[in-house]
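I'm opening my notebook on this one and jotting down what I look up as I go. Here is the structure I have on screen.

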Amino acid sequence: MAGESPAAPQCAMADGPLPRVLAKADGAFELLSGLPGADLTTLMLAVMRERAARVSGPELLRRSRTDRFVASSDLPFDRLRAAETAALDALPPEFDKVTLSPLAPLGLHSVLGTVHQNKVVSTVRGSEAAADPTNGLALEAALRRQHSEDVVRLAASQRVVRAQRVDGPALFAHFTLLGLVIAGRDTGNLAFERRYAAEVIQAMAAAVRARLDAPLEVRLTVLDPRFTAVADAIRAAMPGQVTEDPDRESGRGYYTGLCFKLACRTEHERFELGDGGFVPWTQELLGNRKERLFIGGLGIDRLATLD
(Lines give C-alpha, C1' and ligand atoms only; values in the text may rest on other atoms or scores of the structure.)
Protein backbone atom coordinates (compact mmCIF):
# COMPACT_ATOMS: atom_id res chain seq x y z
CA MET A 1 0.00 0.00 0.00
CA ALA A 2 1.03 3.59 -0.51
CA GLY A 3 3.37 4.93 2.13
CA GLU A 4 4.76 1.57 3.19
CA SER A 5 8.43 0.77 2.81
CA PRO A 6 9.41 -2.15 0.53
CA ALA A 7 8.50 -5.67 1.55
CA ALA A 8 11.08 -5.97 4.38
CA PRO A 9 8.65 -5.45 7.30
CA GLN A 10 6.32 -8.12 5.95
CA CYS A 11 9.22 -10.55 5.39
CA ALA A 12 10.58 -9.93 8.88
CA MET A 13 7.42 -11.51 10.25
CA ALA A 14 7.44 -14.41 7.80
CA ASP A 15 7.19 -17.96 9.07
CA GLY A 16 9.62 -20.72 8.22
CA PRO A 17 13.30 -20.32 7.35
CA LEU A 18 13.07 -16.88 5.71
CA PRO A 19 13.91 -14.78 8.81
CA ARG A 20 17.02 -16.91 9.42
CA VAL A 21 18.16 -16.48 5.81
CA LEU A 22 17.50 -12.74 5.86
CA ALA A 23 19.56 -12.40 9.02
CA LYS A 24 22.54 -13.92 7.20
CA ALA A 25 22.06 -11.81 4.06
CA ASP A 26 21.63 -8.39 5.62
CA GLY A 27 20.15 -5.99 3.07
CA ALA A 28 20.17 -8.52 0.23
CA PHE A 29 16.40 -8.89 0.06
CA GLU A 30 15.79 -5.16 -0.37
CA LEU A 31 18.55 -4.96 -2.96
CA LEU A 32 17.32 -7.91 -5.02
CA SER A 33 13.62 -7.05 -4.82
CA GLY A 34 14.38 -3.52 -5.98
CA LEU A 35 16.37 -4.52 -9.07
CA PRO A 36 14.73 -4.03 -12.48
CA GLY A 37 13.47 -7.31 -13.94
CA ALA A 38 16.20 -7.62 -16.57
CA ASP A 39 18.96 -6.96 -14.04
CA LEU A 40 17.55 -9.49 -11.60
CA THR A 41 17.35 -12.08 -14.36
CA THR A 42 20.97 -11.43 -15.32
CA LEU A 43 22.09 -11.85 -11.72
CA MET A 44 20.04 -15.00 -11.09
CA LEU A 45 21.24 -16.62 -14.32
CA ALA A 46 24.82 -16.08 -13.18
CA VAL A 47 24.02 -17.58 -9.79
CA MET A 48 22.39 -20.63 -11.39
CA ARG A 49 25.36 -21.11 -13.73
CA GLU A 50 27.72 -21.08 -10.77
CA ARG A 51 25.61 -23.53 -8.78
CA ALA A 52 25.10 -25.83 -11.79
CA ALA A 53 28.87 -25.91 -12.40
CA ARG A 54 29.32 -27.48 -8.95
CA VAL A 55 26.78 -30.29 -9.53
CA SER A 56 28.24 -33.78 -10.03
CA GLY A 57 26.90 -36.70 -12.03
CA PRO A 58 26.15 -38.83 -8.93
CA GLU A 59 24.23 -35.90 -7.43
CA LEU A 60 22.08 -35.63 -10.56
CA LEU A 61 21.34 -39.34 -10.30
CA ARG A 62 20.41 -39.02 -6.64
CA ARG A 63 18.10 -36.07 -7.26
CA SER A 64 16.35 -37.87 -10.12
CA ARG A 65 15.26 -40.48 -7.57
CA THR A 66 14.51 -38.27 -4.57
CA ASP A 67 13.35 -34.87 -5.83
CA ARG A 68 9.56 -35.00 -6.16
CA PHE A 69 9.64 -32.26 -8.80
CA VAL A 70 11.84 -34.19 -11.23
CA ALA A 71 11.25 -37.86 -10.34
CA SER A 72 9.30 -39.84 -12.94
CA SER A 73 5.70 -40.72 -12.20
CA ASP A 74 4.93 -44.32 -11.26
CA LEU A 75 1.91 -44.23 -13.57
CA PRO A 76 2.59 -46.22 -16.78
CA PHE A 77 2.86 -43.96 -19.82
CA ASP A 78 0.51 -46.01 -22.03
CA ARG A 79 -2.19 -45.97 -19.38
CA LEU A 80 -1.96 -42.21 -18.89
CA ARG A 81 -1.88 -41.52 -22.62
CA ALA A 82 -4.92 -43.74 -23.22
CA ALA A 83 -6.91 -41.88 -20.55
CA GLU A 84 -5.84 -38.50 -21.92
CA THR A 85 -6.70 -39.43 -25.51
CA ALA A 86 -10.10 -40.84 -24.56
CA ALA A 87 -10.97 -37.72 -22.54
CA LEU A 88 -9.92 -35.32 -25.31
CA ASP A 89 -11.71 -37.29 -28.02
CA ALA A 90 -14.93 -37.22 -25.98
CA LEU A 91 -15.09 -33.42 -25.82
CA PRO A 92 -17.73 -31.67 -27.94
CA PRO A 93 -16.30 -30.27 -31.20
CA GLU A 94 -17.17 -26.72 -30.11
CA PHE A 95 -14.17 -26.76 -27.75
CA ASP A 96 -11.03 -25.56 -29.49
CA LYS A 97 -8.07 -27.63 -28.25
CA VAL A 98 -5.04 -25.50 -27.41
CA THR A 99 -1.39 -26.47 -26.90
CA LEU A 100 -0.28 -24.45 -23.88
CA SER A 101 3.30 -23.58 -23.00
CA PRO A 102 4.73 -25.39 -19.96
CA LEU A 103 5.57 -21.91 -18.61
CA ALA A 104 3.31 -19.01 -17.68
CA PRO A 105 3.97 -15.33 -16.94
CA LEU A 106 5.23 -14.80 -13.40
CA GLY A 107 2.27 -14.16 -11.11
CA LEU A 108 -0.39 -15.75 -13.31
CA HIS A 109 -1.60 -18.20 -10.68
CA SER A 110 -1.32 -15.88 -7.68
CA VAL A 111 -2.78 -12.78 -9.35
CA LEU A 112 -5.71 -14.50 -11.06
CA GLY A 113 -6.26 -17.58 -8.93
CA THR A 114 -5.24 -16.23 -5.50
CA VAL A 115 -2.83 -19.17 -5.16
CA HIS A 116 0.09 -18.46 -2.82
CA GLN A 117 3.24 -17.91 -4.85
CA ASN A 118 5.07 -20.45 -2.67
CA LYS A 119 2.84 -23.14 -4.20
CA VAL A 120 4.07 -22.30 -7.69
CA VAL A 121 7.49 -23.16 -9.14
CA SER A 122 8.94 -19.80 -10.23
CA THR A 123 11.84 -19.45 -12.68
CA VAL A 124 14.72 -16.95 -12.81
CA ARG A 125 13.49 -15.62 -16.17
CA GLY A 126 10.31 -13.94 -14.94
CA SER A 127 8.04 -16.90 -15.53
CA GLU A 128 6.63 -19.84 -13.60
CA ALA A 129 5.87 -23.48 -14.30
CA ALA A 130 2.27 -24.11 -15.27
CA ALA A 131 0.22 -25.20 -12.25
CA ASP A 132 -3.25 -25.29 -13.82
CA PRO A 133 -4.26 -25.25 -17.50
CA THR A 134 -7.36 -23.16 -16.78
CA ASN A 135 -5.14 -20.17 -15.95
CA GLY A 136 -3.35 -20.41 -19.28
CA LEU A 137 -6.65 -20.94 -21.08
CA ALA A 138 -8.06 -17.84 -19.38
CA LEU A 139 -5.19 -15.82 -20.86
CA GLU A 140 -5.87 -17.27 -24.32
CA ALA A 141 -9.60 -16.65 -23.96
CA ALA A 142 -8.98 -13.02 -22.97
CA LEU A 143 -6.74 -12.52 -26.01
CA ARG A 144 -9.47 -13.89 -28.29
CA ARG A 145 -12.19 -11.89 -26.56
CA GLN A 146 -10.22 -8.70 -27.28
CA HIS A 147 -10.88 -9.17 -30.99
CA SER A 148 -14.25 -10.93 -31.04
CA GLU A 149 -17.63 -10.77 -29.35
CA ASP A 150 -18.10 -14.52 -29.84
CA VAL A 151 -18.28 -16.96 -26.95
CA VAL A 152 -14.90 -18.72 -26.63
CA ARG A 153 -14.67 -22.41 -25.74
CA LEU A 154 -11.17 -23.78 -25.08
CA ALA A 155 -9.66 -27.03 -23.83
CA ALA A 156 -6.12 -28.16 -23.07
CA SER A 157 -4.40 -31.13 -21.51
CA GLN A 158 -1.24 -30.10 -19.68
CA ARG A 159 1.35 -31.63 -17.38
CA VAL A 160 1.51 -29.24 -14.42
CA VAL A 161 3.71 -28.81 -11.36
CA ARG A 162 2.61 -27.74 -7.89
CA ALA A 163 4.94 -26.99 -5.02
CA GLN A 164 2.76 -27.78 -2.02
CA ARG A 165 3.63 -30.97 -0.16
CA VAL A 166 1.21 -33.83 -0.88
CA ASP A 167 1.09 -37.36 0.43
CA GLY A 168 -0.98 -40.42 -0.40
CA PRO A 169 -1.75 -42.70 -3.35
CA ALA A 170 -2.13 -41.15 -6.81
CA LEU A 171 -0.82 -37.77 -5.61
CA PHE A 172 2.23 -36.37 -7.39
CA ALA A 173 4.15 -33.09 -7.55
CA HIS A 174 3.51 -33.17 -11.30
CA PHE A 175 0.40 -34.52 -12.99
CA THR A 176 -1.80 -34.05 -16.04
CA LEU A 177 -4.93 -31.92 -15.96
CA LEU A 178 -7.58 -31.46 -18.62
CA GLY A 179 -8.77 -27.86 -18.46
CA LEU A 180 -11.94 -26.42 -20.00
CA VAL A 181 -13.09 -22.81 -20.12
CA ILE A 182 -15.99 -20.92 -21.65
CA ALA A 183 -15.66 -17.14 -21.87
CA GLY A 184 -18.23 -14.60 -22.96
CA ARG A 185 -20.15 -11.50 -22.00
CA ASP A 186 -22.91 -10.96 -19.50
CA THR A 187 -26.23 -10.66 -21.31
CA GLY A 188 -28.39 -10.09 -18.25
CA ASN A 189 -30.56 -12.28 -16.04
CA LEU A 190 -27.67 -14.75 -15.55
CA ALA A 191 -28.32 -16.03 -19.08
CA PHE A 192 -24.65 -16.75 -19.78
CA GLU A 193 -24.23 -18.48 -16.45
CA ARG A 194 -27.36 -20.61 -16.79
CA ARG A 195 -26.41 -21.82 -20.28
CA TYR A 196 -22.68 -22.39 -20.21
CA ALA A 197 -22.01 -23.77 -16.72
CA ALA A 198 -23.90 -26.95 -17.58
CA GLU A 199 -22.04 -27.19 -20.90
CA VAL A 200 -18.63 -27.38 -19.21
CA ILE A 201 -19.78 -29.89 -16.59
CA GLN A 202 -21.42 -32.09 -19.22
CA ALA A 203 -18.23 -32.04 -21.31
CA MET A 204 -16.19 -33.10 -18.28
CA ALA A 205 -18.65 -35.89 -17.51
CA ALA A 206 -18.41 -37.12 -21.10
CA ALA A 207 -14.62 -37.16 -20.82
CA VAL A 208 -14.83 -39.33 -17.72
CA ARG A 209 -17.39 -41.73 -19.18
CA ALA A 210 -15.18 -42.28 -22.21
CA ARG A 211 -12.75 -44.09 -19.92
CA LEU A 212 -14.59 -45.03 -16.75
CA ASP A 213 -17.77 -47.06 -16.32
CA ALA A 214 -18.94 -45.87 -12.92
CA PRO A 215 -21.75 -43.68 -11.57
CA LEU A 216 -20.89 -39.97 -11.65
CA GLU A 217 -21.92 -37.34 -9.16
CA VAL A 218 -21.90 -33.56 -9.58
CA ARG A 219 -21.81 -31.74 -6.24
CA LEU A 220 -22.90 -28.10 -6.49
CA THR A 221 -22.12 -25.33 -4.03
CA VAL A 222 -24.06 -22.07 -4.44
CA LEU A 223 -21.84 -19.25 -3.17
CA ASP A 224 -24.26 -16.45 -4.02
CA PRO A 225 -28.05 -16.91 -3.55
CA ARG A 226 -28.65 -15.33 -6.98
CA PHE A 227 -26.97 -18.36 -8.55
CA THR A 228 -29.69 -20.71 -7.35
CA ALA A 229 -31.18 -20.32 -10.83
CA VAL A 230 -27.86 -21.45 -12.32
CA ALA A 231 -27.89 -24.54 -10.10
CA ASP A 232 -31.45 -25.26 -11.26
CA ALA A 233 -30.31 -25.07 -14.90
CA ILE A 234 -27.48 -27.54 -14.23
CA ARG A 235 -29.85 -29.96 -12.51
CA ALA A 236 -32.25 -29.74 -15.47
CA ALA A 237 -29.43 -30.46 -17.93
CA MET A 238 -28.09 -33.39 -15.90
CA PRO A 239 -31.11 -35.04 -14.23
CA GLY A 240 -30.35 -37.49 -11.44
CA GLN A 241 -26.62 -36.66 -11.37
CA VAL A 242 -26.55 -33.49 -9.25
CA THR A 243 -26.47 -33.20 -5.46
CA GLU A 244 -26.01 -30.22 -3.14
CA ASP A 245 -22.82 -29.50 -1.23
CA PRO A 246 -23.60 -26.37 0.81
CA ASP A 247 -20.93 -27.04 3.46
CA ARG A 248 -17.99 -27.23 1.06
CA GLU A 249 -15.07 -25.19 2.36
CA SER A 250 -12.50 -25.55 -0.45
CA GLY A 251 -12.84 -23.10 -3.29
CA ARG A 252 -14.44 -20.29 -1.30
CA GLY A 253 -12.58 -17.12 -2.17
CA TYR A 254 -11.35 -18.76 -5.38
CA TYR A 255 -14.67 -19.28 -7.16
CA THR A 256 -17.54 -16.83 -7.34
CA GLY A 257 -21.28 -17.45 -7.58
CA LEU A 258 -21.21 -21.22 -7.91
CA CYS A 259 -18.69 -24.04 -7.94
CA PHE A 260 -18.83 -27.80 -8.37
CA LYS A 261 -16.98 -31.03 -7.84
CA LEU A 262 -17.16 -34.04 -10.15
CA ALA A 263 -16.76 -37.46 -8.54
CA CYS A 264 -17.36 -41.12 -9.32
CA ARG A 265 -18.47 -43.93 -7.08
CA THR A 266 -17.04 -47.41 -7.19
CA GLU A 267 -18.39 -50.32 -5.19
CA HIS A 268 -16.60 -49.26 -2.03
CA GLU A 269 -15.43 -45.65 -2.37
CA ARG A 270 -16.05 -42.17 -3.77
CA PHE A 271 -13.26 -40.55 -5.82
CA GLU A 272 -13.05 -36.86 -6.71
CA LEU A 273 -11.98 -36.38 -10.32
CA GLY A 274 -12.29 -32.65 -10.91
CA ASP A 275 -13.89 -29.38 -10.02
CA GLY A 276 -14.60 -25.91 -11.36
CA GLY A 277 -16.79 -22.85 -11.16
CA PHE A 278 -17.12 -19.20 -12.06
CA VAL A 279 -14.01 -17.01 -11.75
CA PRO A 280 -13.44 -13.29 -12.47
CA TRP A 281 -10.21 -13.80 -14.39
CA THR A 282 -11.24 -12.42 -17.78
CA GLN A 283 -12.81 -9.45 -16.01
CA GLU A 284 -9.41 -8.70 -14.46
CA LEU A 285 -7.43 -9.36 -17.64
CA LEU A 286 -9.66 -7.23 -19.87
CA GLY A 287 -10.71 -4.64 -17.28
CA ASN A 288 -14.38 -5.26 -18.06
CA ARG A 289 -16.87 -6.31 -15.39
CA LYS A 290 -19.22 -7.63 -18.08
CA GLU A 291 -16.85 -10.49 -18.97
CA ARG A 292 -17.80 -13.94 -17.72
CA LEU A 293 -15.70 -17.12 -17.38
CA PHE A 294 -16.57 -20.64 -16.26
CA ILE A 295 -13.77 -23.16 -15.80
CA GLY A 296 -13.36 -26.85 -15.07
CA GLY A 297 -10.38 -29.10 -14.42
CA LEU A 298 -10.21 -32.90 -14.61
CA GLY A 299 -7.41 -35.01 -13.14
CA ILE A 300 -6.20 -37.33 -15.89
CA ASP A 301 -3.77 -39.20 -13.61
CA ARG A 302 -6.60 -39.98 -11.19
CA LEU A 303 -8.80 -41.09 -14.09
CA ALA A 304 -6.03 -43.37 -15.39
CA THR A 305 -5.58 -45.04 -12.01
CA LEU A 306 -9.28 -45.88 -11.72
CA ASP A 307 -10.06 -47.38 -15.13
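Predicted model: local features only at pLDDT ≥ 70, side-chain atom pairs only at ≥ 80, totals over all residues.

Which backbone nitrogen lies 2.9 Å from a polar atom of the side chain of Asp-67? I looked it up, and the nitrogen belongs to Phe-69.

**Entry: Asp-67**

I wanted to know where Asp-67 sits, and I found it in the loop between helix H5 (57–66) and helix H6 (77–89).

**Entry: Glu-84**

I moved on to helix H6, where I found Glu-84. Glu-84 has a relative accessibility of 17%, so I put Glu-84 down as buried too, by that under 20% rule. Then I asked what Glu-84 touches, leaving aside its neighbours within four places in sequence. My list for Glu-84 reads Ser-157, Thr-176 and Ile-300.

**Entry: the second largest pocket**

I looked up the volume of the second largest pocket and got about 760 Å³. This pocket is lined by 19 residues, and I noted the ones closest to its centre: Leu-40, Met-44, Ser-122, Thr-123 and Val-124. Which helix gives the most to the lining? I found that helix H4 (residues 37–53) does, with seven residues. Sorting the lining by class, I wrote down 10 nonpolar residues, seven polar ones and two charged ones.

Key. Residues numbered from 1 in each chain as written. Heavy atoms only, no water. Helix = DSSP H or I, 4+ residues; strand = E, 2+ residues; numbered from the N terminus. Polar contact = N/O pair within 3.5 Å; in protein donor to acceptor, adjacent residues only side chain to side chain. 1 Å grid on protein atoms, 1.4 Å probe; cavity = no way out; pocket = protein on both sides within 12 Å on 5 of 7 lines; lining within 4 Å. Points joined across faces, edges and corners; volume = space filled by probe spheres on them. Nonpolar A, V, L, I, M, F, W, Y, C, P; charged D, E, K, R; others polar. Buried < 20%, exposed > 50% of the residue type's maximum accessible area, 1.4 Å probe, protein only. Contact = heavy atoms within 4.5 Å.
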